[in-house]
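Here's a quick briefing for anyone meeting this structure for the first time. Take a look at the sequence and the model, then read on for the main points.

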Amino acid sequence: MTTAIYPGSFDPVTYGHIDIAIRASKIFDKLIIGVLVNPDKKYLFNMDERIALIKEALKEYKNIEVVGFKGLLVNYMKENNIKVIVKGLRTFSDFEYEFNMADLNKRLYNEAETTFIMTSPQYSVVSSSMVKNLAKFSGDISDFAPKYVAEAISHKFNNKGM
Ligand code: PNS
């Protein structure tokens with residue numbers, strides 16, 4: 001049985017992430033979505049909120065589990081006997097970053113193998129930042145993220161007085 005982990009910030013989840021997760025869940029026996037803290041990023045949603053939004057999106061998929069953790073991805077993988085990382089690739093610039101991450105993770109944990117799934121063309125420009133920016137200015141994000149994600153973003157910005 002092969003378990004893979006799809007790590008990311010998911011702040012918030014988009015249709016791009018959902019597409020990658022569903023496709024990965026068909027390749028691997030079990031997919032763990034690892035909601036991580038990236039120290040370089042300032043988040044709109046806290047970890048529990050990010051987890052809840054993803055769980056709602058993928059609740060029908062019984063071989064997908066959503067977990068949150070802090071620290072190194074490879075440490076979580078070692079502790080939970082996971083050897084496969086799933087990453088989504090949108091553009092060439094994603095590749096350069098992901099190439100370095102895959103190399104680093106391999107150096108830290110030699111058994112780790114990073115696999116890449118090409119984002120479906122209709123989501124190649126979709127990112128969490130783009131979705132947040134659009135929603136902040138009341139733009140329509142219905143092609144890019146579920147309705148409840150749009151509502152959660154509006155709720156955040158309204159509470160912040162924006
Ligand atoms: O969605 P993101 O923010 O592009 O995801 C990046 C993420 C969270 C996958 C990446 O920062 C990560 O793997 N963080 C965990 C910490 C870690 O293992 N870092 C690698 C060494 S710096």
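**A pocket and its ligand**

Sorted by class, the residues lining the largest pocket come out as 19 nonpolar, 15 polar and 11 charged. Keep in mind that this is a predicted model.

- The volume of the largest pocket is about 1,300 Å³.
- Its lining takes in 45 residues, and those that lie nearest the centre are Gly8, Ser9, Phe10, Asn38 and Lys41.

**Who surrounds the ligand**

- Around the ligand you'll find Pro7, Gly8 and Ser9, then Leu36, Asn38 and Lys41, then Gly71, Leu72 and Leu73, and finally Met101 and Leu104.
- By class, this shell splits into six nonpolar residues, four polar ones and one charged one.

- Ser9 has a side-chain N or O atom that lies 2.5 Å from an oxygen atom of the ligand.
- Lys41 also uses its side chain: an N or O atom there is 2.6 Å from a ligand oxygen.
- With Leu73 it's the backbone that takes part, through an N or O atom 2.8 Å from an oxygen atom of the ligand.
- How much of the ligand does the protein bury? Taken alone, the ligand exposes 550 Å², and the protein buries 77% of that.
- Looking at elements, β1 (3-8) and α4 (92-108) are the ones that give two or more residues to the shell around the ligand.

**The loop between β1 and α1**

- Phe10 is found in this loop, between β1 and α1.
- Although Phe10 isn't a glycine, its phi is positive, at about 50 degrees.
- Phe10 is also one of the residues that lie nearest the centre of the largest pocket.
- Pro12 has its place in the loop between β1 and α1 too.
- The peptide bond that runs from Asp11 to Pro12 is cis, and its omega is near 0 degrees.

Methods. Residues numbered from 1 in each chain as written. Predicted model: local features only at pLDDT ≥ 70, side-chain atom pairs only at ≥ 80, totals over all residues. Heavy atoms only, no water. Near = heavy atom within 4 Å. Polar contact = N/O pair within 3.5 Å; in protein donor to acceptor, adjacent residues only side chain to side chain. Areas by Shrake-Rupley, 256 points an atom, 1.4 Å probe, with all protein chains shown as cover. Helix = DSSP H or I, 4+ residues; strand = E, 2+ residues; numbered from the N terminus. Nonpolar A, V, L, I, M, F, W, Y, C, P; charged D, E, K, R; others polar. 1 Å grid on protein atoms, 1.4 Å probe; cavity = no way out; pocket = protein on both sides within 12 Å on 5 of 7 lines; lining within 4 Å. Points joined across faces, edges and corners; volume = space filled by probe spheres on them.
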